[in-house]
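Have the viewer open as you read.

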Amino acid sequence: MGLTKQYLRYVASAVFGLIGSQKGNIVFVTLRGEKGRYVAVPACEHVFIWDLRKGEKILILQGLKQEVTCLCPSPDGLHLAVGYEDGAIRIFSLLSGEGNITFNGHKAAVTSLKYDQLGGRLASGSKDTDVIIWDVINESGLYRLKGHKDAVTQALFLREKNLLVTSGKDTMVKWWDLDNQHCFKTMVGHRTEVWGLVLVSEEKRLITGAADSELRAWDIAYLQEIDDPEEPEPKKIKECPGIQDIPEAEDSTLEADDEKSEDRILSCRKAGSIMREGRDRVVNLAVDKTGRILACHGTDSVLEVFCILSKAEVQKKMDKKLKKARKKARLNNEEEDPEMTVSMSLQDEILRVAKIKTSAKIKSFDLIHSPQGELKAVFLLQNNLVELYSLNTSSPTPQPVRTSRVTIGGHRSDVRTVSFSSDNIAVLSAAADSIKIWNRSTLQCIRTMPCEYALCSFFVPGDRQVVIGTKTGNLQLYDLASGNLLETIAAHDGALWSMSLSPDQRGFVTGGADKAVKFWDFELVTDKNSTQKRLSVKQTRTLQLDEDVLCVSYSPNQKLLAVSLLDCTVKVFYVDTLKFFLSLYGHKLPVICMDISHDGALIATGSADRNVKIWGLDFGDCHRSLFAHDDSVMFLRFVPKSHLFFTAGKDRKIKQWDADKFEHIQTLEGHHQEIWCLAVSPSGDYVVSASHDKSLRLWERTREPLILEEEREMQREAEYEESVAKEDQPAVPGETQGDNYFTGKKTIETVKAAERIMEAIELYREETAKMKEHRAICRAAGKEVPLPVNPILMAHGNISPSAYVLETFKGIRSSELEEALLVLPFSYVPDILTLFNGFIQTGSDVELLCRCLFFLLRIHFGQITSNQMLVPVIEKLKETTISKVRQVQDVIGFNMAGLDYLKRECEAKSEVMFFAEATSHLEEKKRKRKNRRKMILTLT
């Protein structure tokens, strides 16, 4: 049997050309102790951290496959929570850039993430309509809150009370009591989706943004505060009940409903509305950390900034108003009313400060407000751009100033053409407005040159100039050293779709929408302004055809030219006489891309009918038709010096094929939108692809051999793992199928964890049985017989079987523990309970064991209580658990008291230090003043 043909694997090497992707939100992060300098931006499946001052990428938080949809930094600034398209949440450390914690609970994309004040809990909302509260410290889910009927748009913890408020696309705002995990209030005052939600004025006011141009404000009153009789009367401020600016029938019904419902914890009533200037929906509504600045934007490029006044400022304003009113009354000779009052409107409390207009549509923003009054606003824009604006809110007429922008790292629009230089080092990418030259090894942008809408490109032999073909039919010739446009030549009357460099490197051929193929030669011409000669091109011949030309390609011996036409055929002509040679007919839709192999034997064509056909170039016979992609085949390139070729499709995949054996070799997945173009380096070691997701991806050929059978096996495994996650979630007795109140979800990891527990229990059973047998043999023999040790236990350091079970439990991720126990068959539970009794008595890992024990009791309560064999075990567990948990409580209490003592000591020390420093500073000042006086005296 002969050796199978060996292929080498291509792997993803890097993502570049992307500043920030549209699906997620931009956030300020604290790095190296600096605030307002670094921002985290979603970039397809990764998160990029940009330094706004230098415009450089300083850290990449590596994702897996799914796109990032939501970001939220922790209150301590050390971690970043990242939500993904598939509902997963990962928490990254900003110091190391590693994602150590993963939460799997949502079935659809994560739409909202918020930490509580201390950063111990995380609330996540999703398109699957659920809200899940996660315990970040214990790395596990606490509970799932069900109630919304559509995607959750925002979730906020209240600082003082253990409450959560959420908004959704179902027009509802819901209040949740987290002590007993139920929704105690639903606000129904909106007629459209609620897109944003913020708490202001020390959490006494809620502001919501919906699909119209109003921001609605709601006053929150906590019931214990309402009932407090010692509360002093407010001074001279008459609150208007519901501010009569905007009469709304819906709100009066709402208030009536509110009065009927029993408000156990708080009451919420409408305080009025603030009109936005934008007429469309609110896309983002946010408030800075101090709660003073409120900002929102719609689907346009304007951010509206409002300032929320404090109680003292409002009082001052009202006093002024009252003064004015009295003065007016005096002028009008009216009697001064000692009980004169002025009404306060919402517009007196929330002032419009300024508008910030960005250079393109805003996708998301974040704010930082410094104590000096400077507001920093960072924007992620629709055109792959990050901008930072600063605004001095304390000045009477604040003007926004753009302080920095991150632009060099990417194009403003989709890249339509990429190509490699002959030395494999430089990569050219061109879009609707600019050409960028990248260094392949560092991925840095070396040159940016403005251009027309580019459709095709190549490096001129020598790699010192590049030629671009544009949508208007022009050829643009650029010099790379200076970055100047040397010449623009009107080549075609329609779009110039394709160019092919001649194998002798003396010229090239172009094809356009004006039904012409034109031949060009390079030439040196003397520039008018200088004595030196520069490169130019001149047209030599034209081949006129009956249909638009979509693609042209030279054969390597330069004898034949293949031309793809709009009539779905590919015509082959002789280059020297331009006589017709072959017609390749068979595609149902036009051929968008094609390439000829290095030896001129094969031509591969890719079409909008999703097929790739491989033809012989000697007789024009079709060797094979391959169904290549699930959508149009956009680009096709042979790997140099081989019969392997790559295709790129609108189905977001790049595939490699063997044109001799007609085999699919591998699929490169990574892009999240349709792929427009790709380029294979002259050495064949690198592939660069460009997509509608604005990213450029570099793929690298490794030395790892790729065996097709193994590849197919891996593909089947991946499909199985995906199907496991899509299966019905295991239901707990008493729950209906599909109703999952636990926070986890069944994934391949949880199934594997359950299998590990089962294997450990089985090993424990076997070893226990072996030990019994061994004791019986020893008794019969009357001497100690050597016991064979299990190799697994030996590998773990010769531990006992029961210790191995404990190690297995400790090895399961905290966030997957409940779900693994849920999948576990009941037959293993009696053994687990017996083992847990022994473990808890020895006092090892009490917290972990109690968590597992209580969960098992919850889900198997009926079976455990009805099993007579387990009653004594449960009784013992009850005694040992209570005593051991008390011990753990005592240890924690003692440690807390110790920490409190240390804190007080540190504070006392720092106070002493502070006073000592202040005294020394004062003495230093006195000494300096004396010296200055002496100097003045000596001078005079």
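What volume does the second largest cavity have? It comes out at about 50 Å³. Keep in mind that this is a predicted model. Searching the whole structure turns up 5 cavities of 30 Å³ or more.

If you want to find the second largest cavity on screen, select Trp134, Gly141, Thr743, Gly744, Ser815, Glu818 and Glu819, which line it. Sorted by class, that lining holds 1 nonpolar, 4 polar and 2 charged residues.

Next, a pair of helices. Helix 8 covers residues 801-811 and helix 10 covers residues 829-842. Their axes come within 11 Å and cross at roughly 95°. Angles of 65 to 115 degrees count as roughly perpendicular, so that is how helix 8 and helix 10 sit relative to each other. The residues that make the contact are these:

| Helix | Residue range | Contact residues |
|---|---|---|
| Helix 8 | residues 801-811 | Ser802, Val805, Leu806, Phe809 |
| Helix 10 | residues 829-842 | Ile832, Leu835, Phe836, Phe839 |

By class, this contact between helix 8 and helix 10 has 7 nonpolar residues, 1 polar residue and no charged ones.

Last stop: serine 273, which belongs to strand 22 (residues 266-275). Is serine 273 buried or exposed? Its relative accessible area is 3%, and anything under 20% counts as buried, so serine 273 is buried. How far is serine 273 from aspartate 130 in space? The two are 29 Å apart, C-alpha to C-alpha, and 143 residues apart in sequence.

Key
Residues are numbered from 1 along each chain as its sequence is written. This is a predicted model: local features need pLDDT of at least 70, side-chain atom pairs count only at pLDDT 80 or more; totals for chains, interfaces and linings use all residues. Side-chain values use heavy atoms; hydrogens and water are left out. On a 1 Å grid over the protein atoms alone, a cavity is a set of points where a 1.4 Å probe fits but cannot get out, and a pocket is an open set with protein on both sides within 12 Å along at least five of seven lines; lining residues have an atom within 4 Å of a point. Grid points are joined across faces, edges and corners, and a volume is the space filled by probe spheres set on the points. Ala, Val, Leu, Ile, Met, Phe, Trp, Tyr, Cys and Pro count as nonpolar, Asp, Glu, Lys and Arg as charged, and the others, Gly among them, as polar. Axes are lines fitted to C-alpha atoms, for helices over the stretch in contact, and angles run from 0 to 180 degrees between N-to-C directions. Helices (H or I, at least four residues) and strands (E, at least two) are DSSP runs, numbered from the N terminus. Angles under 35 degrees count as roughly parallel, over 145 as roughly antiparallel, 65 to 115 as roughly perpendicular and the rest as oblique. Contact means heavy atoms within 4.5 Å. Buried means under 20% relative accessible area, exposed over 50%, partly exposed in between (1.4 Å probe, protein chains only).
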